[in-house]
Amino acid sequence: MHIMDRIPKIFKNFYFIAGAVFLIWMLFIDGNDLVSQWRLSSKYNDLVKEKKYYQEKIKEVELDREGLMSDDELLEKFARERYLMKKESEDLFVIVEKE
């Protein structure tokens, strides 16, 4: 008995062999293989989450900006806290806590 006689007939079929080679090529060897598609999908999902986060931050900053532009007392408080601004007649003491 030859080795070729022991192989089932379906595995000797040209279309089966061509299909199997094509499938292996598309899943593992091609530039758009399964692993690359998974990585791109994962990166896309991360970017969508990041976009959503930054859109929320933009809304927060716009609300803060609107509040600062409409309220002089809030603007003065912001300038004093953030940029350590003071009036000419005041003394400013900065307390830094050790970690």
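Student: Let's start with Phe 16: what does the relative accessibility of this residue make it count as?

Tutor: The general idea is a scale: buried is under 20% relative accessible area, exposed is over 50%, and partly exposed is in between (1.4 Å probe, protein chains only). Phe 16 has 35% relative accessibility, so it counts as partly exposed. Phe 11, at 44%, counts as partly exposed too.

Student: What kind of model am I looking at?

Tutor: It's a predicted model, where local features need pLDDT of at least 70, side-chain atom pairs count only at pLDDT 80 or more, and totals for chains, interfaces and linings use all residues. Residues are numbered from 1 along each chain as its sequence is written, and side-chain values use heavy atoms, leaving out hydrogens and water.

Student: What is the average pLDDT of the protein chain?

Tutor: pLDDT is the predictor's confidence in each residue, from 0 to 100. Here the protein chain averages 87, and 99% of the residues score at least 70. Confidence is lowest in helix α1 (residues 3–6), with a mean of 76, and highest in helix α4 (residues 34–70), at 94. Helices are DSSP runs (H or I, at least four residues), as are strands (E, at least two), numbered from the N terminus.

Student: How many aromatic pairs does the structure hold?

Tutor: Rings of Phe, Tyr and Trp (its six-membered ring) pair if their centres lie within 6.5 Å; planes under 30 degrees apart are stacked, over 60 edge-to-face, and the rest tilted. This structure holds four such pairs. In one of them, Phe 11 and Phe 16 have ring centres 5.2 Å apart and planes at 65°, so they sit edge-to-face. Tyr 53 and Tyr 54 are edge-to-face as well, because their planes are at 70°, with centres 5.2 Å apart.

Student: And which residues are linked in a network of salt bridges?

Tutor: A salt bridge needs a side-chain nitrogen of Lys or Arg within 4 Å of a carboxyl oxygen of Asp or Glu. The network links Glu 76, Arg 80 and Glu 90. Arg 80 bridges to Glu 76, with the closest N and O atoms 3.1 Å apart, and to Glu 90, where they are 2.8 Å apart. Arg 80 lies in helix α5 and Glu 90 in the segment after α5, so this pair ties together parts that are ten residues apart in sequence.

Student: Where does Asp 33 sit?

Tutor: Asp 33 is in the loop between α3 (14–29) and α4. The side chain of Asp 33 makes a 2.6 Å contact with the side chain of Ser 36.

Methods
Polar contact = N/O pair within 3.5 Å; in protein donor to acceptor, adjacent residues only side chain to side chain.
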